[in-house]
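Here are a few notes from going through the model you sent over. Have it open while you read, and start with the strand in the first point.

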Amino acid sequence: MTQKEALEILKTGQNIFLTGPAGCGKTFLLNKYLEYLKKKKINVGITASTGIAATHLNGRTIHSWCGIGIEEHLDQRKLKKILHNKKTADRIKMAKVLIIDEISMLDAKRFDLVDTVCRAVRGDLRPFGGLQIILCGDFFQLPPVRRFEKKEQAIFEADAWQELNLRICYLEEQYRQEDPKFSKILNNIRANENLDESLAVLAERLEAELNFEIRPTKLFTHNEKVDAYNSYELGLLKTPSVFFEMKSSGPSSLVKKVKDGCLAPEKLELKIGAVVMFVRNNFARGFVNGTIGIIEDFNFDGFPLVRTLSGALIIARPEIWGIGEDDTILASITQLPLRLAWAITVHKSQGMSLDCAEIDLSQSFEFGMGYVALSRVRSLAGIRLLGINQLALQVDQKAIVLDEKLRQQSQKDLAFFKSLKPKERSLLKNNFLAEAKTSLF
């Protein structure tokens, strides 16, 4: 379905799973729905499975929002502790809508814990205590991080998932990749079809020349390679170093959570000639999360002048990342929205759009890793492969089966909502708004 059709369904208060391939505008649509809810003065829990994903929506991690933290199990004592935490309890009680982004990286066990907490705090036995649940993600992207070499169950295997009676909004419009040949490769990976053919086309990009003015970002599968490569490249520059220290405000525990979810480093060392990447969206100032540029100079205030691939010259001024509750900022950090960008990990690239990238998939170790890395880039011409292994193009077989079911269900759900008369749709929207504005106290 289209973004416009999905937005209309979201407004009816149904529990929704918003999905679709990388670059179809899922986060953009979430932000449109958040604008609508804000205008209607509806309280929303804005969360994501990881801190990085949460910053894209100016939210917090779902673990923090519902008070479970790092817990894997909840006994009565731990549950009572959450119930008696006024801030956490009030946050859950006051919310009418709960958004969870990047759900492919949230495992079934923790999803069920969130459900348990919401039911208990809200005193409502319905799934998640009657909240409208908006889940967003793509199961072809990276799965939950393994703990102690044990593979976690995916969120769609959770008990709570089965009880939500989710409407499926499957977006198919493509806003990132405009190259039909490249889109076909990505679709082949998702369908687990014609992989030999796709691999043959990708093989043409091994050590391929890229026609860009600056060297593109390198994507590695391991942190060690990223840090080593960035330090090496910075050290080659003979220009003087300029340092920018991150500033913070709020309780140390919350500040740490904001820092964990921020791609900008605490201590940023820059030089003229350094390749950098913006790590925040600021449409008004001409950059988004993933815009690549080079430090051309520093202005009179000491801020870097970044020349982007499009030729624009942007003054990189400090930005604020924060954890909010309603309209109150609980903790925040301030830093330039930049990081060295000769290299970045595939995990941290999830959710970004890149003009060009050099990708090393020779040490891929997880389903979806190749798909995530490749789909960050807008065109095949923007990819230079440094290596690729047999696991790189593989995706989870469960995801393939589920994806087909999701497509079919999305078509059925869209057909149902189109069959409703305008008065019936308006009634659903108005009933949802009326219930949402009813206080729980």
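1. This is a predicted model, so read everything below with that in mind. Strand β7 covers residues 217–220. Thr-217 and Leu-219 point one way from it, while Lys-218 and Phe-220 point the other way. In a regular strand, side chains alternate between the two faces of the sheet.

2. Which strands does β7 pair with? One is β19 (residues 357–361), in the parallel sense over three bridges; there, Thr-217 has Ala-357 as its bridge partner. Another is β18 (residues 343–345), also parallel and over three bridges. In β18, Phe-220 is partnered with Thr-345.

3. Zooming out, the protein chain has 16 helices and 20 strands. Its radius of gyration is 22 Å, close to the 22 Å that the globule rule gives for 441 residues, so the chain is as compact as a globular protein of that length. Along the principal axes, the C-alpha trace spans about 65 × 50 × 45 Å.

4. How much of the chain is buried? Buried residues come to 55% of the 441. Among contacts with a separation of 6 or more, 74% link residues 24 or more positions apart.

Key:
Residues are numbered from 1 along each chain as its sequence is written. This is a predicted model: local features need pLDDT of at least 70, side-chain atom pairs count only at pLDDT 80 or more; totals for chains, interfaces and linings use all residues. Side-chain values use heavy atoms; hydrogens and water are left out. Helices (H or I, at least four residues) and strands (E, at least two) are DSSP runs, numbered from the N terminus. The radius of gyration is taken over C-alpha atoms; the globule rule is 2.2 Å times the number of residues to the power 0.38. Buried means under 20% relative accessible area, exposed over 50%, partly exposed in between (1.4 Å probe, protein chains only). Contact means heavy atoms within 4.5 Å. Two strands pair if DSSP finds at least two bridges between them.
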